[in-house]
Amino acid sequence: MHASPPLPHASATKPASTTPDRATDKLEIPFEKYQLDNGLTVILHQDNRLPLVAVSVWYDVGALHERPGRSGFAHLFEHMMFQGSPHVGEDQHFKILEALGASQVNGTTSFDRTNYFETVPSNALETALWLESDRMGFLLESVTKKSLDNQIDVVKNERRQSTESRPYGLVRELIIQKLYPAPHPYHGNIIGSMKDIGSATLDDIREFFKTYYSPSNATLVLAGDIQITTATSLINKYFGPLQGRPKPTRPQPLRPTLAKAEEIIFDEPVGRLPKLSIVWPGPKAYHKDSAALDLLSHVISGTQSSRLDARVSYRDSIAQSVTAAYFETFAGGQFQIDLVVQPGRNIDEALTAVDEVIASLDSQPITQAELSRAKNAQETRMLFGLEQLGGFGGRTEQLQSYQYHFGDPGRFTWDINRYRGVTLDSLEQARRTWLSETRLIVKAIPSASSSPSPHAQATTHQAAAKKEGIR
Amino acid sequence: MKPTYQQLTHGWLPPFIWFALVLIGNPSVADAVETGPDAWRDKQPAHSAQPKLVLPTFTQTVLSNGLTVLVVEQAQLPLVVLRLVTQGGSALDPSDHHGLSSLVYGMLDEGAGERNALAFSDAVADLGASLSTSSSIDHGAVQISGLSRHQDALMALLSDAVLRPSLAEKDFIRLKSQVLASLEAQRGSPQGLAFMHLPSILYGPSHPLGHPASGTPESVQRVTLKALKAHHQQLLSPARSAFIAVGAISLKEATALAEKHLGRWKGTSTEAAFTLPAVQADPRKEIVFIDKPDSPQTMVILARPLFGRGHPDEDALVLANGVWGGGFASRLNMNLREDKGYTYGAGSRAGFRNNVGNFIAYSALQRVHTVAGLNQFFFELERLPEHPVTTDELHRVKQGLIRSLPGDFDRISNIASAATQIFVYQRPLDDFAQKAVRIETVALDRVQEVALKYLNPEVMKVLMVGDAKTVLPDLKRAKLGSVHVKKP
């Protein structure tokens, strides 16, 4: 590659803080862990400062377990878990929890797992356990065709809202489809296709529940204002009698790869500015290069002076927005740069600029100061992540995630040390291994707003201008 | 990157999670098990006495230059959030320069003190901290968060941004171009389009709140650096500002920091206390429709202006809203989502600011069900007289509001936002505790009376964003009033 012009910040030799941050040395999330006879894993974290308990249940099932023709099913099933279990009754879950003053009542489905959570005043813990145990043990007794049909409509609208009418939502889906070709279970991007969502039957629901919603396939975490002995006896009372079935084995699909570099022009139906996405397939979660790739994304983008921002936002004003991020899941990872192009600027000009910045990592190696900044930011982020008891993040989810990946919730300090251990050499090695020339480029070009045929665009329009050996 | 504009621009959300926001269906089937070994599960557990409401303790002092110092000490993690909040925001935009206040805040971290923009960004990053600026309709803020042991260095950077921004020509040109690009990006999103048009529909175009905080492409284009510098002098003053510190920091430490870094700040603003003119709710004359060609859903918003924070009807209306559209189990969402399946979710909120408030109800409706869905919004409003708020509904919403309060303060950034509200709307330091007590005592007939008074279908403005060519014919046939189609 041709040499890139010097970046404005490359001459700034100001060192990062010389004392390494060690505020987090002694931070671990204390916990007790045990298993019931039916296989339910229980993790308890006591913190009595606020009169609140966060309740989190993870089931070891997500998009990872989907089969062709049923994309989106794990997520649709999650909706059904809120439709009411027999002893609690329909219409009651949210009403009961609201009346108790619960907050953060929700559930989510990811590529790898499904979770359900609520944070309740500590005197309402028993009710939360009653609700969670009832749907874990008895959901099928109250599932109806009518509620399934209703949730199919709701989930289709969720797809319209979050994928089809959000700017670049379909680009996001296209990238997943390219990284994970069918029949890879991630292919449906969790939400699934309209056709598959609409094909779900009550028999699918029954089979899925029996296979994956066994106590042996679930982990219950309580965090907050509990006493261990009381919590343990309540958990025994509500979850102990539930029938255990064998824990299904977790599928082990291959991580994403690209056979060759590929460039796709996408006809963007929603967003009004061109958007460039460059994606490199990455390793599975907690690979030895993961932390380095994560830090590399922060060297490349995230602050005004990071490499890419300094070029495309600060110096050249090409980008309306720019991000670099490393994402990882159980079965794969992706290193991704996204850049929305300013009006009047050209997407190819943006691609050239990104390429020059990437190439500049050879001619102007990453400095210790850049690495320290990325590490300091990561450590602060991890610390802020411990503030909440639970909900969409916080301590319950951190414990759950470590349990999911390692069978050991106590990995917080280990995790921080993973980042601290990254050196300029390991960063460089990870960069050379993963940011290769075999990458996926998507150029989303807004369609003319008067474009007549919406659904021709909504199905991935891949008039692919394929180019090989991009750099 | 500039958090002020990240709201509009930050395109990437983690692709790994789809939120459920799930609700329960209407028909009842739930009596499968009456006897047998599991019959004991039929009964909801009794719960012991409610725990005491634990709320943060807000403490305050005022420096000799008029700067308020508002502190909440939360020492469990070695973290701190420092924020400088000033009343005003885009409500103080000159009428020909909408978006000017937002631009001023956007410029504050584009180089400050001795550092140019890149060096300033590096200085923040060296501490593992993050600094952001933001500007809303009635206040603006600069915030830095990081490790508490860096508090003095964090404060030095914060005060540089507030007191000594560079306001350099080349940074201004770059920021303006980025803001114009972000306005264009915003027009791509149905919600973005809706919120560009909503302020003038709600308050009227000449009211200080009647324009979007980020301005319009035309108004932003007109802004010169000279105008920006002049407005910066007007906008920021110690008497209209509070320094908010939350985290592992005491009132004493925070006051010393404020004295050291902001104590010599002399404002030039001569304006009196910040207030806004009240707005009357007029009967609806038309439906405003913005074309978003081929959109598979139609964004529907019903909205009306309200009284401001502290009005005697506020608590009752918050409760009425909770019953009508405020939560998962509200009437509106149960109808539109769980009964009809027209949408992924529907909701409403009542918000109150300085002398002015608003009620907004919203949903993204499946295109083919747009008119049917719009009719259900009105159905739920119109049936309030015959189907008044029930004791059960009110109990649920009251308890939900009061007892979830401690959970609202589980992050120091949330506490800083609560402190911002206390300062900007001049509330007492124990406002949240007082609110809990007041809400507990609001009577059912008061809630119903206020619901009828304010959730009045006649005054609800209607704004829709969707595919004009398919939705407009249905909408006109429905005869809900004249339709004004506006250019996006």
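B:Arg446 is partly exposed, with a relative accessible area of 25%. Here buried stands for under 20% relative accessible area, exposed for over 50%, and partly exposed for the range in between, with a 1.4 Å probe and protein chains only. This is a predicted model, in which local features need pLDDT of at least 70 and side-chain atom pairs count only at pLDDT 80 or more, while totals for chains, interfaces and linings use all residues. Residues are numbered from 1 along each chain as its sequence is written, chains are lettered from A in the order in which they are written, and side-chain values use heavy atoms, with hydrogens and water left out.

The partner of B:Arg446 in a salt bridge is B:Asp313, at 2.7 Å from N to O. B:Arg446 belongs to helix H16 (residues 444-454) of chain B and B:Asp313 to the loop between strand E9 (297-306) and helix H10 (314-326) of chain B, so the pair ties together parts that are 133 residues apart in sequence. B:Asp313 is buried, with a relative accessible area of 6%. A salt bridge is a side-chain nitrogen of Lys or Arg within 4 Å of a carboxyl oxygen of Asp or Glu. Helices (H or I, at least four residues) and strands (E, at least two) are DSSP runs numbered from the N terminus.

Over all chains the salt bridge count is 56. Some of these pairs are listed below.

| Salt bridge | N to O distance |
|---|---|
| B:Arg446 and B:Asp313 | 2.7 Å |
| B:Glu110 and B:Arg174 | 2.7 Å |
| A:Arg159 and A:Glu164 | 2.8 Å |
| A:Glu98 and B:Arg396 | 2.8 Å |

B:Glu110 and B:Arg174 form a salt bridge at 2.7 Å. That pair links distant parts of the chain, with B:Glu110 in the loop between helix H2 (100-107) and helix H3 (117-126) of chain B and B:Arg174 in helix H5 of chain B, 64 residues apart. Both B:Glu110 and B:Arg174 are buried. In chain A, A:Arg159 and A:Glu164 are both buried as well.

The salt bridge of A:Glu98 with B:Arg396 joins the two chains, and the count between chain B and chain A is 4. Across this interface there are also 39 residue pairs in polar contact, both residues being at pLDDT 80 or more. A polar contact is a pair of N or O atoms within 3.5 Å; within protein, one must be able to donate a hydrogen and the other to accept it, and residues adjacent in sequence count only if both atoms are side-chain atoms. On the side of chain B that touches chain A, helix H5 (residues 169-186) of chain B gives the most, with 9 residues. The contact (heavy atoms within 4.5 Å) involves 108 residues from chain B and 122 residues from chain A. Together the chains bury about 9800 Å², 58% of it on carbon and sulfur atoms. This buried area is the accessible area (1.4 Å probe) lost by the two parts on being put together, summed over both.

Chain B contains 17 helices and 13 strands. Its C-alpha trace spans about 70 × 60 × 45 Å along the principal axes. Of the 488 residues in chain B, 61% are buried. Contacts between residues 24 or more positions apart make up 82% of those in chain B with a separation of 6 or more.

In chain A, 9 of the 11 residues of helix H5 (residues 169-179) are buried, so this helix is largely enclosed by the rest of the structure. Among the buried residues of this helix are A:Arg172 and A:Glu173.
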